[in-house]
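Dear colleague,

Please find below the structure I promised to hand over, with its sequence.

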Amino acid sequence: MLSIRTMITSAVLALIASTIAQAQQRPPIGLYGSPPDAMIFYVAHGPAGACGPGCSDWIAAEGAVQWDSYKRLIAILDRQPGRKLPLIIDSWGASNLNVATSMGRILRDRGLDTAAGATEVEACAGKPEADCFALKRPGGPLEAKVKLPEPACDFACVLMLAGGVHRSLPQGVKVVLTGRTVRNRLAPNVAAEQRESLTAHFGEQYRKYLQEMGVAPELVDIVDGIGEGGPPVVMPPSDWARLHIVTPP
């Protein structure tokens, strides 16, 4: 499913997309080297139709996509034998785009549907983020409802979303794209020439991935047109269907 080369590349040299950070940071989910706000996964349950027509159970994915996030995705999926729960994505912060595409491939291999949305857990009402995180960390199930993601569905969210067999974005959601940059989590300085080369290389990989998932590779051209540090681009809903980011109902 994931080659050793892919995992090593994703762990060391990664294309990063930055979004507005959440007001509160949750504690690190892993041990040494695991950053705060890393993406977590848990099963949620709501009333009939909570996650779409005929859907009341889903897997919530929330946080920043980090170098080891794919391991936690595989772990939560392996704990649902015989079930194909949709993944509801709430991505924020600086995310590893290479890992986001790896997770998209995992979702497609498992035949899962995807959507963007924020999962609001009932038991978290009135609790600080650290306490809410402690409730979610075991993996659920937790009583919840789905609301619009905040601040928006970013490029990492779209890359994960692309892996879904059926892909949906709720009415009112915003898709906001930012530029991308190469970072090395083990060594902060990456030479300008190497950044340029890797940006082009990974861009071609993302185009290939999107094409395989049935999404228009033009999406990468939009991101590259923003440039590093450029103003974000809000994608109109008309582009969601045109670029096949969402699938027909």
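**Buried faces of the helices**

In helix H7 (residues 218–226), the buried residues are Leu 219, Val 220, Val 223 and Ile 226. Viewed down the axis of H7, these buried residues fall within an arc of 110 degrees, so they line one face of the helix. Just after H7 comes Gly 227, which takes a positive phi of about 80 degrees. Please bear in mind throughout that this is a predicted model.

Helix H4 (residues 129–136) has Glu 129, Cys 132, Phe 133 and Lys 136 as buried residues. They cover an arc of only 105 degrees around the axis, and therefore sit on the same side of H4. What do the buried residues of H4 pack against? Their partners are four strands: E2 (40–45), E3 (57–63), E7 (118–121) and E8 (142–147).

The loop between H4 and E8 contains Pro 141. A cis peptide bond joins Gly 140 to Pro 141, with omega at about 10 degrees.

In helix H2 (residues 69–78), Ser 69, Tyr 70, Leu 73, Ile 76 and Leu 77 are buried. Seen down the axis of H2, they fall within an arc of 125 degrees, so they line one face of the helix.

H2 also packs with helix H3 (residues 97–110), at an angle of about 20 degrees and with the axes 9 Å apart. The two helices, H2 and H3, are therefore roughly parallel to each other, and their crossing is right-handed. On the H2 side, the residues that meet H3 are Ser 69, Tyr 70, Leu 73, Ile 74, Leu 77 and Asp 78. On the H3 side, they are Val 99, Met 103, Ile 106, Leu 107 and Arg 110.

Val 65 lies in the loop between E3 and H2. Is Val 65 buried or exposed? Its relative accessible area is 0%, so Val 65 counts as buried. Leaving aside neighbours within four places in sequence, Val 65 is in contact with Met 39, Ala 94, Ser 95, Asn 96, Val 99, Ala 100, Met 103, Ala 156 and Met 160. Val 65 and Met 103 are 38 residues apart along the chain, and their C-alpha atoms are separated by 9.5 Å.

**An aromatic pair in H6**

The count of aromatic pairs comes to one. Phe 202 and Tyr 206 form this pair, which is stacked, at 6.4 Å centre to centre and with 15 degrees between the planes. Both residues lie in helix H6 (residues 192–213), where Phe 202 and Tyr 206 are four residues apart, about one turn of the helix. Phe 202 and Tyr 206 are both buried.

**The end of the chain**

His 244 is found in the segment after helix H8 (237–242). The phi of His 244 is near 65 degrees, a positive value in a residue other than glycine. His 244 has a relative accessibility of 43%, so this residue counts as partly exposed.

**The chain as a whole**

The chain has eight helices and 12 strands. Buried residues make up 50% of its 249 residues. Among contacts between residues at least 6 apart in sequence, 78% join residues at least 24 apart.

With kind regards

Terms used: Residues are numbered from 1 along each chain as its sequence is written. This is a predicted model: local features need pLDDT of at least 70, side-chain atom pairs count only at pLDDT 80 or more; totals for chains, interfaces and linings use all residues. Side-chain values use heavy atoms; hydrogens and water are left out. Buried means under 20% relative accessible area, exposed over 50%, partly exposed in between (1.4 Å probe, protein chains only). The arc is that of the directions from the helix axis to the C-beta atoms. Rings of Phe, Tyr and Trp (its six-membered ring) pair if their centres lie within 6.5 Å; planes under 30 degrees apart count as stacked, over 60 as edge-to-face and the rest as tilted. Contact means heavy atoms within 4.5 Å. Axes are lines fitted to C-alpha atoms, for helices over the stretch in contact, and angles run from 0 to 180 degrees between N-to-C directions. Angles under 35 degrees count as roughly parallel, over 145 as roughly antiparallel, 65 to 115 as roughly perpendicular and the rest as oblique. A crossing is left-handed if the near helix is turned anticlockwise from the far one by less than a right angle, and right-handed if clockwise.
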